[in-house]
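Please read them with the structure open.

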Amino acid sequence: MVNFKINNIDISVEENTTILQAARKHHIDIPTLCNYPDLEIKSECRVCVVEINGEKKLFTSCSTIAKEGMIVNTNSPKVLNARKTILELILANHDAVCATCPKNLNCELQTLANKLGIDENRFPTVLEVKPIDNKNPALIRNINRCIKCGRCIDVCKSIQSMNVLDVMGRGQNIEITPAYGKFLTDESCTYCGQCSSVCPVGAIIEKDDTDPVWEALNNPNLHVIVQVAPAVRVSLGEELGMEPGSIVTEKVVSALKYLGFDAVYDTDFTADLTIIEEGNELIDRITNGGVLPIMTSCCPGWINYVEQKYPEILDHISSCKSPQQMFGALAKSYYAEKMKLDPKNIFVVSIMPCTAKKYEAKREEMRIDSVNPDVDVVLTTRELGKMVRQMGINFESIEGSPFDKPFGITTGAAAIFGATGGVMEAALRTVYEVVNKEELKDINFTMVRGTDGIKEAEVELGGQKVKVAVAHTLANAKILSDQVKNGTSPYVFIEIMACPGGCIGGGGQPYGTTAEIRQKRIDAIYKVDENMTIRKSHENPDIKALYDDYLEKPLGHKSHQLLHTHYHSRKK
Amino acid sequence: MISLKEVLKKYPKKEEYLIEILLEFQTSKKNHYISSEDVSTISEYLDIPESQICSVISFYTLLSMTPKGKYVVQVCHDVPCFVNDATNIYEKLVELLGVSDGETTPDSLFTLEITECLGCCNVAPAMRINNEVYTSLTPAKIETIINDLRGEVK
Amino acid sequence: MIQMKVISKRFGQINPLSIDSYIKAEGYEALKKAVAMHPSKIIDEIEISKIRGRGGAGFPAYIKLRALSNETGNKYIVCNADEGEPGNFKDRMIMENDPHAILEGMVIMAYATGSTQGYIYIRGEYQNAMNIFKKTIKAAEECGYLGKNILDKGFDFNVEVRSGAGSYVCGEEFSMIESIEGKPGRSRTKPPFPTEKGIHNRPTLINNVETFANFPHIVLNGGKKFAEIGTPSSTGTKLISLSGNVKNKGLYEVPFGTSIRDVIFKLGKGLENNRSIKMVQLGGASGPIIPEYMLDMSIDFDRFENFDSKTGTGAIIVIDDRFDIFDILLINMKFFVHQSCGKCTPCREGHVQIVNLLNKFISHRATEKDLMSLENLAYVIQQTSLCGLGQTSMTSIISSLRYFRDDYFAKVRY
């Protein structure tokens, strides 16, 4: 143990504890800016400096290890002055028009300026206004707001191994951009949005699509319907001030009704449908000697990745559309027929934890009439939060209500799509029972749960043991993709999610997501599953009805028309 | 001019040789810069992302992503040269070349740059043209040097 | 005699491109002596010599050496020849005049610390030195002083030349390590220090060219004899790069303790055209600016410590009375704006604001509040920057605020 003092308080911590960690443990607040839980310590912003007795220099508490007998002062006049000066310097090179910034009241820089009592900047602005990158449907980069903390580079490089962003130039002219300062569209960006989720300011944000949604809601000629992704029910509450991991499924429905949607549906329904189609695809490939392993296709970040980086393995990708797109396709076919509506007058909105879904909805392949998108607008959890706030809805106290019919019944298997391993578990619950024609004794496949980067499991299918694997984050996806590419993959089925933790850790989820918060959302997702009456997709009576009524059979003609697609090489 | 492939062959496939490769190849090129095609080739050879290579090129002043003149004239303007009339030397170069700091002459012959100390303070003022250092400069001396280089081309 | 030639004794006397010429002038004798000694005894001699690093900071050399020798496995030795500090040319002069002395120092230290790989990182502008050093390495390899099984003693050591590519900050240890790894020269968070985790996260020792060039002399003549030269706290000789407005600009070698005035007037023969001194900048752009009345100060690390800066490179830049303090400060500060790597806030954003403030003084728009802002900002940059660049870049501002305060007041608008 190391004994030392912070602000005259005796502190005892384990060896190799930083001053910041020690202070936080003892509820001593040291402001930070570039620091982010789960990312490496950069000590770049220098906001967290503290004074150590006997030293002329100030030390960054995030990177300085506490030593025996150290006397630390976190609030001496020297420290307070330095911190304030540093923040003024940052603000002098920042597009600080806070009231009209999307991160207003959600900005770490703004909060810090307020906390340090900065009401005047001694330094004149040195900001040179540069163009904004808004050429893609998912993310906007406004480098005029960038404070060069490097968090986005960290996630893009170390967590996603994408290396789209890096520091260009040097000194005061540095810019965090793709190579040659190009647009994200020119690079192999997957639009996973992890950068936007860690950006402390408004330098990388999702493209705001709330305006077209308001417009549609106010258009009397449109039938505006909305689908809600599995992960949103465990995060919208958090976005609106509730505890991380709060389950708010029915509140979401009520809030959406209040916003004026004509009907509110659950993407869980098409998640169940995905399991039926994908499960049958797997069985078909195993029995008929098709290309194996089969890899999931629900995650648009992963699809963007594989199309750009591993086009050689596209044969392995399931031809199933994602649940979001299955819903869109059904909404503009089956649903339109059933409701006697012209598909052109149906406006489909999805609420997704994801920024890449915005790109997916815009894809040419995702238009059953080859002209109009099946999903008209995708909103992230954060954007829905914004709409709820705009309408002054008191979310916490709102009374819940159930999803609308005809896609009313969903299963626990669909709910867990939101967590890494969930699609695999849902698929195994169905495939096992269909192939082996026997009921599972324990439907919880705990082997594929949890936050290990790569998880594997072995199951018996039709008398033979097969291996499956699950990966989340693109760095881990790369490892499994290389195996597939080299023909050394020992698996028959692989689930891949681009974001850490799966969709619950998506790029469109509430700000401040950390490993701890992801775990709370995952726990909540499995609780949703446990509380469901039906927990296997193939037992969903509404899915059965859909096949009887309309689709006929899995992998049938109608299914192929509406629920399947193919992906293309987009190697750059 | 040596091809990029030939330069690459001289170095092991290791990230640590990136700067050496960039410098050697750029020096051999007439217009002293690394093109985006070059970046792609190097990226593939060393298996490092293009963004990282661009980050490196944009960090170091001796590397460039845009074409320069055949002769890159770097004139020192730090204190030891400044107090020895470096300003006049620079102005003379501006007059002779018709371009200022960071610019290239329309005939792509000269690029003029103000540079950091060349370590020739004992023989200030100093400048460097490509890899050649010129010291104890006077406006008259500059005129001869530039005219000689122009003559060489003709 | 003011001069005392130890490091520079072979300058002009030998052919730097000929290893035979070097060998005839006691070359590689120290290495032969060293390999007969126990490695730890060599470091003991260095400790006895009390030699301090010649890169500027003046850190006792034996500490890093011993730290490195205590590490196991692969370790690296780096010679810092990225002489980017304006006003310095001593390292270039050693490389161009006596390159084998540097290499010999490196090989001895490789033996003493058990390192097998070395680099000499030469700034990209020093093409001539780089060419010479590449030949130096080749010649030493051919003669068995470098490479495999050196002097048949069963130890291996290789040295590669690495070129800088135009970045002052790469003279800073971690920035140099990053650059050697092929990356932009942006410093790392400390700790761990280079002797724990340097190149490829392996223990790494970095010393200045002049420091390495001293090692053969210490080994050959003993640490005790070396410690007799200079002052008790700063032993040995110092190469001085004398530049600016003096008659005889050039490189001089003097024992520590020599006064700056003697260097300027006795060796440099005073100022041109009998002008008077307005100021003298020591060390380089990151060194202090002092007035004429302080020139009796002796060249000594302990004296230099008063300035909180790397004065110890040995550059003396004399500036006559035609120049204004702000001319010089502005050049210094623009230099740092250009050289900041951009990683940490105070250095990236601070230098630009310092230039803004200086311009306010120059154009007589500054107020007393600006003077306070300048002083405050200078101290914040010094106290909070991540690496040596920002920690020392403010020395000229801070010293000028101390010794030339009236010059500031003269420009303040009331």
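1. Burial in chain B. Of its 154 residues, 46% count as buried, a residue being buried if 20 or more other C-beta atoms lie within 10 Å of its own, exposed if 12 or fewer, and partly exposed in between, with C-beta atoms placed from the backbone. This is a predicted model: local features need pLDDT of at least 70, side-chain atom pairs count only at pLDDT 80 or more, and totals for chains, interfaces and linings use all residues. Residues are numbered from 1 along each chain as its sequence is written, while chains are lettered from A and ligands numbered from 1 in the order in which they are written.

2. Overall build of chain B. Chain B has 7 helices and 4 strands, where helices (H or I, at least four residues) and strands (E, at least two) are DSSP runs numbered from the N terminus. Along the sequence the pattern is α-α-α-α-β-α-α-β-β-β-α. Taken along the principal axes, the C-alpha atoms of chain B fill a box of roughly 50 × 35 × 25 Å. Of the contacts in chain B with a separation of 6 or more, 59% are between residues 24 or more positions apart; two residues are in contact if their C-beta atoms, placed from the backbone, lie within 7 Å.

3. The sheet of chain B. Which order do the strands take? The 4 strands form an open, mixed sheet in the order β2-β1-β3-β4 of chain B, with two strands counted as paired if DSSP finds at least two bridges between them. β2 and β4 (132-134) of chain B are at the edges with a single partner strand each, so one side of each has no neighbour in the sheet. From one strand to the next the twist averages 20°; angles run from 0 to 180 degrees between N-to-C directions, and axes are lines fitted to C-alpha atoms, for helices over the stretch in contact.

4. Pairing and packing in that sheet. Strands of a sheet pair through backbone hydrogen bonds, either parallel or antiparallel. Strand β1 (residues 71-76) of chain B pairs with β2(B) in the parallel sense over 6 bridges. Within this part of the sheet, Q74(B) has E113(B) in β2(B) as its bridge partner. Helix α6 (residues 86-97) of chain B packs on the sheet and touches β1, β2 and β3 of chain B. The direction of α6(B) makes about 155° with that of β1(B).

5. Backbone points to check in chain B. The peptide bond from A124(B) to P125(B) is cis, with omega near -5°. P125(B) sits in the loop between β2 (110-115) and β3 (127-129) of chain B. D47(B), a residue other than glycine, has a positive phi near 55°. D47(B) lies in the loop between α3 (36-46) and α4 (50-59) of chain B. Is D47(B) buried or exposed? D47(B) is exposed, because 9 other C-beta atoms lie within 10 Å.

6. Backbone points to check in chain A. A cis peptide bond, with omega about -5°, joins L292(A) and P293(A). P293(A) is in the loop between α9 (267-287) and β12 (294-295) of chain A. S43(A) is another residue other than glycine with a positive phi, near 45°, and belongs to the loop between α1 (19-25) and β3 (49-52) of chain A. S43(A) counts as buried because it has 27 C-beta neighbours inside 10 Å.

7. Domains of chain A. The domain assignment gives domain 1 (2-91), domain 2 (128-206) and domain 3 (211-563); such bounds come from an automatic or database assignment. The C-alpha centres of domain 2 and domain 3 of chain A lie 28 Å apart. Their contact takes 17 residues from domain 2 and 26 residues from domain 3. On the domain 2 side, helix α5 (residues 194-198) of chain A gives the most, with 3 residues.

8. Chain C against chain B. Here 39 residues of chain C are in contact with 29 residues of chain B. Among the elements of chain C that each supply at least two residues to this side are α8 (173-180), β5 (237-244) and α13 (325-339). α13(C) gives the most, with 4 residues.

9. Chain C against chain A. This contact takes 27 residues from chain C and 29 residues from chain A. On the chain C side, α14(C) provides the largest share, 8 residues.
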